Amino acid sequence: MKDCYLGVDIGSISTKGVIIDDNNNIIAEEYIWTEASPVEAVRKLVKILDEKLPSGYVVKGIGTTGSARKLIGLLLKANVVKNEITAHAIGTVTFYPDVRTILEIGGQDSKIILIKNGIITNYAMNTLCAAGTGAFLSSQAKRLGLDVKDFGEYALKSDNPVKIAARCTVFAESDLVHKAQAGYEKKDIIAGLCKSVVMNYLNNVGKGKKIVGPIIFQGGVSKNKGVIKYFEEILGQKVIVPENSHLMGAIGIAILARKNKTGHTYSLELEDTEFHTKGFECNRCANNCELLKIYRNNKIVDSWGSKCGKY
Amino acid sequence: MNKVGIPRGIFYYYYKDIWTNFFDALDVPYIISPKTNKKIMKLGVKHSNDEMCLSMKVYMGHLFYLKDKCDYLLVPRIDNFKCNNQTCTNFLALYDIVSNVVDNPILNYNIDLEKNKNLKKGLYDIGFKLGKSKKEIKKAYKYALKEYKDRRKAGIKKNIKNLESEKIKILIVSHPYNTYDEMIGADIIKYLESNDIKLIYSDKFSSKEVNKLSLKYSKDIYFKYNKDNIGALKYSEDKIDGVIFLSSFPCGPDSIANELVMRKINLPYLNLIVDDSSGFAGMETRLESFIDMLGERHE
C-alpha cells in the first residue's frame, strides 16, 4: 500500500481538492462550485476523489485551506488547517523554486505574495472591498449577457480597450453602462474591464511593491487571457500561468498535510458522518455574539463566534 | 450632584489617568462608560453621520450611553501642539458635534498651544466650574499630573524593553483609541498575543523623542499623532520583525501617513482597516498568514 495525502481548498466560489503521493505527483484532482454550502460541496468533492483514487493507496494526511478551512477541518478531521496564503506559497514554491512574485485573484479576494529564496518576504491582501476580483468580473459578465469564461477571448480581439475607472466597482459599473450606451463595441468594453481589473489590483494590492520575475499568476481569474495580457503589458514582464494554477492552494495544503503526518490513516467515506451546525445569539451580555455550534455525529466538536470565550 | 460623564473613546485613551486622578483628588464623582460592546456600537452608528470614522461612531455610542446617567459630559477640544503638530479635524470638531446633539452641560477645555491654551489652564477652568477653590485645584492638578507622568514613563520603559525580546516582535502602528478599543483592536491584540508574539505599541513612545524622527520619512505630515506613530516606527525599525498598521475606516490622517510609510519601509507589513461590519474571519486569515511568514523569516 502506498501513502497519499488529501488537500482541500474551500473558496467562496469554488472548492478544489487534490490527492498527492509522496513525490508530490497529483493522483486525483477535482474542481467544483461551492454554491454557498461548503459542507455539501466537500462531501461531493471527497466522494468524487474517492472514486478517482486508484486502488493501492491509503490516505495518511488531510489538510484544509480557504475561507471555510476551519469548518471543513472539523468535518474531515484534518491534521493541518492553514490559511490560503501559506498554502499557495508552499504549493507554488514546490513547482517553481525560483518564483519571486505570486499574483492571485480569486472569487472575492486578491493577494500578492513576494518570495525570496523560497520564503515569503511580504504579502498583501485586498482590504475592505472586493473590487477587481472574480466576483466583479462575473457580475459584469451577467450584465453584458455573456459567460465569464468567454471574457478572455473577447478581450484579446480588441485593439482599443475603453477606459474604465479602476478604483471602485460601483464607479466601474456606471462607467461601463455609460460606455455601452454610448455605442462602444462589446469587445472593447470587455478588454477595458480586464484592464481595469489589472489596474485595480496593482493600485490596491500591489501598492508600489517591487514586482520581480519570475511572476506566477494564479486563482480563478488567471484563466482569463485578457487579464494575463494586460498584466504582461503593464508590468513589461512575462507572466506564467501554471496549468494547475487553480489547484495550487489545494496542492500546497496537501504538501503540508504530508509534512505533518501523524501516522493516522484516514477514510474518505463521509456518508455515515452526520455533520451539522447550529447558530444562535447569546444574550448574556450587550455584545449579543452570534455563535455557531458544530456537531459531528450529534456530538458537539467546536463552537466559535464568542467574544468572551465562554463557548 | 455634579456627576461627570467620561465617554470611553478618542480623548479618553490619552487623558484617562489625568482626568480620573484629578476628579478623585477634587472629590468629584464621575462615571466612565463601559468597554465598547455591540449595543454601544449600534447606538453610535445610529447617532452618527455615515461619513464619520468608526472611532467617532464608537465615541458617539459612549456619549449616548452616558447622557442620562450624568450631569456633565467631559469633551475637550484638541487643536494643536505647536510646531506643525495639528490633530485630526475630528479632535477639533467633537465638542461642537456633541453640544449639538445632547442637552447636557459640557465640561470643555481647549488645547491650542499656538494660542497658549494648555491642559493646565483647561483643568483649572473645569475645577472652577465645579465650584472648587484655587488651592484645591492646584493640589489636585499637581497630583494628577505626577501620577500620569509616572505611569506614562513606566509604560514607555516597558514598551521599549520589549524591543529587546527574543520572540517575534511586531510594532502596532495605531492610535490608542483604536488599539485598545474592545470592538476595534482588542480581538487583534488578543489573537497576536495568544500566538506568542511580542507586541510593541506605537503610542507608548516618548513623543519628544520620536516626533522629530518622523521627518526622516516625510517633512510634510503635520498630524501630531501620525508623526508620533511613524516616528516610533523609525525608532524601532531595525529591532522588529514586522509592522501592523491598524486603522479605523475611513481615517483620513492614517490614509496619508500610513500609506506613505508603507512604500518607504523595508519590513513586512500588514494593513488592517476595521469597519463595524467586519467579522473576524477575514482578519484571522490575514493575521495567521502574517505570523506564519514572520515565523519563517525569524528562523
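This is a predicted model: local features need pLDDT of at least 70, side-chain atom pairs count only at pLDDT 80 or more; totals for chains, interfaces and linings use all residues.
Student: Thanks! How many salt bridges are there over all chains?
Tutor: The count comes to 22.

Student: And which side chain does K70(A) meet?
Tutor: K70(A) forms a salt bridge with E284(B), at 3.9 Å from N to O. That pair crosses between chains: K70(A) is in helix α2 (residues 69-76) of chain A, and E284(B) is in helix α12 (residues 280-298) of chain B.

Student: Are those two buried or exposed?
Tutor: K70(A) is partly exposed, with a relative accessible area of 36%. E284(B) counts as buried because its relative accessibility is 17%, and buried means under 20%.

Student: OK, what about D292(B), which residue does it form a salt bridge with?
Tutor: Its partner is K82(A), and the closest N and O atoms are 3.3 Å apart. D292(B) lies in helix α12 of chain B, while K82(A) sits in the loop between β5 (80-81) and α3 (84-95) of chain A, so this pair joins two chains. D292(B) is buried at 17% relative accessible area, and K82(A) is partly exposed at 23%.

Student: Switching to the surface: which residues make up the negative patch?
Tutor: That patch is formed by E51(A), E269(A), E271(A) and D272(A). One of them, E269(A), is in the loop between α9 (248-259) and β11 (275-281) of chain A. E269(A) counts as exposed because its relative accessibility is 54%, and the cut-off for exposed is over 50%.

Student: Which residues form the nonpolar patch, then?
Tutor: I13(A), Y31(A) and W33(A) form it, and together they have about 290 Å² of accessible area. Y31(A) belongs to strand β3 (residues 26-33) of chain A and is partly exposed, at 32% relative accessibility.

Student: Let's do sheets. What is the strand order in the open sheet of 4 strands in chain B?
Tutor: The order is β2-β1-β3-β5, with parallel pairing. At the edges stand β2 (30-32) and β5 (106-107) of chain B; each has a single partner strand, so one side of each is left without a neighbour in the sheet.

Student: How many bridges link β1(B) and β2(B)?
Tutor: Strand β1 (residues 4-6) of chain B pairs with β2(B) over 3 bridges, in the parallel sense. Within that pairing, I6(B) has I32(B) in β2(B) as its bridge partner.

Student: And β10(B), how many of its residues are buried?
Tutor: In strand β10 (residues 269-274) of chain B, 5 of the 6 residues are buried, so the strand is largely enclosed by the rest of the structure.

Student: Which strand is joined to β10(B) by 6 bridges?
Tutor: That would be strand β9 (residues 242-248) of chain B, and the two run parallel. If you want a place to look, L246(B) has L272(B) in β10(B) as its bridge partner.

Conventions
Residues are numbered from 1 along each chain as its sequence is written. Chains are lettered from A and ligands numbered from 1 in the order in which they are written. Side-chain values use heavy atoms; hydrogens and water are left out. Patches are made of residues with over 30% relative accessible area and no salt bridge: like charges are joined within 9 Å, nonpolar side chains (Val, Leu, Ile, Met, Phe, Trp, Tyr) within 5 Å. Accessible areas come from the Shrake-Rupley method with a 1.4 Å probe; for residues, only the protein chains shown count as cover. A salt bridge is a side-chain nitrogen of Lys or Arg within 4 Å of a carboxyl oxygen of Asp or Glu. Lys and Arg count as positive and Asp and Glu as negative; His and the chain ends are not counted. The place of a charge is taken as NZ of Lys, CZ of Arg, CG of Asp or CD of Glu. Buried means under 20% relative accessible area, exposed over 50%, partly exposed in between (1.4 Å probe, protein chains only). Two strands pair if DSSP finds at least two bridges between them.
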